[in-house]
Amino acid sequence: MSITRFLPILEWAPRYQRAWLRGDLVAGLAVAALVVPKSLGYAGIAGVPIQHGLYAATAGAIIYALFGTARQVATGPSSALAAVAGSAVVLAGVSGDDAVELVAAITVVTGLLFLLLAIFKMGWISLLLSKAVITGFLFGAAIEVVVGELPKLTGTSADGANSWRKLADWAGGLGDIDGATLLVGAVSLVVIIGIRFSPIKVPGALVLLVGGLAASAALDFEGRGIALVGDVPRGFAAPKIPSPSFIVDNFATIGPAALGLLLIGFSQTAGDARAFAAKHGYRIDINQESMAQGMSNLGSGVLQGIPVSTSLSASSLNDQSGAKTPLASLTTGALLVLTLLLLAPVFSELPLPVLAAVIIDAV
């Protein structure tokens, strides 16, 4: 394998045209504005502190740009991947630092499985995956995500062994709704859904993020009993490679979760990469795409992030905003790095019902 085939950036970067720069920079900025609020919410779904979603988004954006062959694809966390990781956390009965370690290990193992697909050139498997099965799985994950976010919109709680029991428990506790939380949640849903069907081109998630932070500060949401995200530290966590012994001891949880993430991520990556390549008239290498996703997940796991894969909503925004090359993804990654280094503590004041509305809209 030639070095340029292993690292496609070495092939396209020397041939970069100045005329592409504006589109790539605008697209990178637009995707960063979309990814920041969603990644915060996805980390919550995965059962880890919200900054770990930004770690994953940063790793996915930068590493995919180095190894990927699809020019418009954006890689990062998604609700389905976060739901699988979150289910593993619940199954293991862990929280806090233990949950972070478990999710990071799952992410690393998922990356290794992607690399095995690439090494053994098994991209042809994408042709055998049943679209109906994958769609059904994603639909089930969407239900689980929405049910999990409902208590944040109402200021109540929900408990149960599965989504339906959680929904029943949530419905049974509606008499304890916090009025202020419900109002903020309802307004947030109306705003973000309204923007989706309006001619406004600004990402609704960004509008809600900025508006929610401003309203929280101006109206003292915390003092009114509305739950906030809480402390979000500036910077990155120290890189950490999950120990083999930890993976072996917890393989009953890590193995099935990683396999599920592989199937979801591989099907999404293959489909999205082929779609954008066909639209713009270039060729992609599915085996190299597996390599790119594998390296992205390894990077995310080492940075203590959550699983990543192709994001259709972010990739579509990337395309619509004028992305011509993976420089758009590199731009997104650079902006996420700056966000973590400079702006992370600002998100501490973000109201939970606002974040829940962002996630429900993204499902």
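Contact here means heavy atoms within 4.5 Å. In this predicted model, Phe347 makes such contacts with Val36, Leu40, Leu54, Leu209, Leu213, Val229, Val232 and Thr339, leaving out residues up to four places away in sequence. Phe347 is also one of the residues, together with Leu40, Leu54 and Leu350, that touch the most other members of the largest nonpolar core, a set of 34 residues. Helices α3 (21-46), α4, α9 (179-196), α10, α14 (312-320), α15 (327-343) and α16 (352-362) each contribute at least two residues to this core, and the largest share, 6 residues, is that of α3. Another core, of 33 residues, lies apart from it and includes Tyr42, Ile45, Val48 and Ala80.

With a relative accessible area of 1%, Val232 is buried. Beyond its neighbours within four places in sequence, Val232 is in contact with Ile50, Gln51, Ala344, Pro345, Phe347 and Ser348. The C-alpha atoms of Val232 and Ala344 are 5.9 Å apart, although 112 residues separate the two along the chain.

Turning to charged pairs, the structure contains 3 salt bridges. Asp361 and Arg196 are joined through their side chains at 3.2 Å, N to O; because Asp361 belongs to helix α16 and Arg196 to helix α9, this pair ties together parts 165 residues apart in sequence. Asp361 counts as buried, at 13% relative accessibility. In the bridge between Asp319 and Lys279, the closest N and O atoms are 2.5 Å apart. Here the partners come from helix α14 (Asp319) and helix α12 (Lys279), so the pair ties together parts 40 residues apart in sequence. Asp319 is buried, with a relative accessible area of 11%, whereas Lys279 is exposed at 59%.

Helix α12 itself (residues 251-280) has 30 residues and reaches 42 Å from its first C-alpha to its last, close to the expected 44 Å. Gly281, with a positive phi near 75°, follows α12.

The remaining pair to describe is Glu149 and Lys152, whose side chains meet at 3.4 Å, N to O. Both residues lie in helix α7, 3 residues apart, about one turn of the helix. Glu149 is buried at 4% relative accessible area, while Lys152 is partly exposed at 25%.

As for confidence, the chain has a mean pLDDT of 89, with 95% of its residues at 70 or more. Where pLDDT is low, predicted coordinates should not be read in detail.

Methods
Residues are numbered from 1 along each chain as its sequence is written. This is a predicted model: local features need pLDDT of at least 70, side-chain atom pairs count only at pLDDT 80 or more; totals for chains, interfaces and linings use all residues. Side-chain values use heavy atoms; hydrogens and water are left out. Helices (H or I, at least four residues) and strands (E, at least two) are DSSP runs, numbered from the N terminus. The expected span of a helix is 1.5 Å times one less than its number of residues. Buried means under 20% relative accessible area, exposed over 50%, partly exposed in between (1.4 Å probe, protein chains only). pLDDT is the predictor's confidence in each residue, from 0 to 100. A nonpolar core is a set of buried Ala, Val, Leu, Ile, Met, Phe, Trp, Tyr and Cys residues joined through side-chain atoms within 4.5 Å. A salt bridge is a side-chain nitrogen of Lys or Arg within 4 Å of a carboxyl oxygen of Asp or Glu.
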